[in-house]
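Subject: A structure for you to look at

Hi,

Here is the structure I promised to pass on. Please open it alongside this note, and my findings follow below.

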Amino acid sequence: MRLSALLLLPLSLALASASQEPLVNSQPTDEPTVEPAAEPTPKNAYLASTELFPPGPEVAHLTTGSTLDIEPPLSPRHEKAKAQLLDSLIRTPQNWARSHPRYRLLEVLHGLRRHEYRYVEQLREWGEAYQTLPEAQRELIRASTTYHTNFDLIRNLWPKNGALATNILEHALEYYEMDPAELASYIETAEAQRSWDYQPSITDALNHLVRDWTADGAHEREPTYAPILATIKDLLAKHPADAGTFKVLVPGAGLGRLAHEIAALDPRIEVTANEYSAYMNTCYRYVTTLRTPSSTSWHPYINWWSHQPSLAETTRAVHMPDVSINSSSVLWIEGDFLREFASEEGAYHAIVSLFFIDTAKSSLDYLDAFSRLLVPGGSWLNLGPLLYGSSPKLQLNLNDLLAVSEAMGFAFQPTPEEFGPLTLPHRTARARELGYLYNARSMRRNTYQAQFWVARKESRTYTPFPPPEAEPYNFAPGSHF
Ligand SMILES: *[C@@H]1O[C@H](CO)[C@@H](O)[C@H](O)[C@H]1NC(C)=O
């Protein structure tokens, strides 16, 4: 999933101003800016230390409905993936870099640790700004609205959101087997070096929780998943009964709802999902511990007062999850898609790229991986726009992307008209207007003319591509059969 909400956040959180300490890291380089402190602080010290936590609100306590104690046993496939994941997190002096999975995890945990504090600080600034209005204006506002009381009201809701961030953080420490002292040491050193947590990405991940796992996201999920689920059902019906499981790969799986929806279609389907972002992965690991519907809630709209129709809407709670989640129905692989799946070939009957292909440096690397990973005759389903990000080396238009896909041996299949009108004549891509990360009751609409297509892998005869650029740290790529 892309981090598409970054540009939509309040400026005070997204940008550093000259007069303030920055809330964001400067442009990441691969050089680690933070070295571990020589003497780690005692276990759990970070939870209590006022030194590490700048003056401000109290730390949120665990009040949401975590159900960690009833984690089901892992399947052998899940156990192997977990062992590989923990291996990938091992740091050495040679492999330590900002792109190292452990470094990226520490950055996320730092952000979760500061989430409530940063936003309460922002709220305090908004309150101070209000106080600078002329008294005559405030007098009218007081006489006709409750605006002047909103600051305290919303201040009192923040501990609920802080508790969600704390729960995600604490589950991550346990899941990734990280000593809290290591995080405390990281935060202490980072902040001493004025390297700050990055709240836009935390907020983006929490917004994806709303999209994927609450009733508030249904307006986006249903039209998005409909053509994909219908196509997978159709492909499964044609999959011979004696051909074993129908294997589906979902790269760029975000917070996993689509992968879980596909898995729920039929017990013959085996789903593997992959996500690079440690922000998404820590939230995914947490949400899949919540097996009871509506067992946790928070107020996702209190952090941005633009586009709000009323105070009731700003302060509304959402409940999560909207369905009970079976964490073992999907195998979740963290890390870079091109590397994590580099050693597999002909392993999947279908690959579903949802809002994914435009996140590559070169989309051709992804298409090449799809071609390698699919069985002969396997299907590639795509849905999404072409919003090139992450310093792309290639930004093909739709027509050219489809032409290159054909040259790479994909044959585009006819799809039902109900999935949307054709975007280009003589091409089978269908346009679907899809919402992305907006509250349907707000005054904002964020939509894409996402393109849906289904292509069959017919051949793989082009000159092999060189392997994609190596990461600056190294360990053996996993195999997820
Ligand atoms: C969860 O999914 C696994 C794997 O598909 C399955 O074996 C198990 O029965 C499911 N559990 C429940 C409670 O549905």
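What should the 15 residues of H9 span at 1.5 Å a residue, and how far apart are its end C-alpha atoms? The expected span (1.5 Å times one less than the number of residues) is 21 Å, and the end C-alpha atoms of H9 are 21 Å apart, so the two agree.

Two notes on reading this: residues are numbered from 1 along each chain as its sequence is written. The model is predicted, so local features need pLDDT of at least 70 and side-chain atom pairs count only at pLDDT 80 or more, while totals for chains, interfaces and linings use all residues. Helices (H or I, at least four residues) and strands (E, at least two) are DSSP runs, numbered from the N terminus.

H9 is largely enclosed by the rest of the structure, because 15 of its 15 residues are buried (20 or more other C-beta atoms within 10 Å of a residue's own, with C-beta atoms placed from the backbone). Helix H12 (residues 278–287) is mostly covered too, with 10 of its 10 residues buried. Among what covers them are helices H4, H7 and H9 and strands E2, E4 and E5.

On confidence, the mean pLDDT (the predictor's confidence in each residue, from 0 to 100) is 87, and 83% of residues reach 70 or more. Over residues 2–29, however, pLDDT stays under 50, and over residues 35–69 it is below 50. Where pLDDT is low, the predicted coordinates should not be read in detail.

Best wishes

How values were computed
A residue is buried if 20 or more other C-beta atoms lie within 10 Å of its own, exposed if 12 or fewer, and partly exposed in between; C-beta atoms are placed from the backbone. Two residues are in contact if their C-beta atoms, placed from the backbone, lie within 7 Å.
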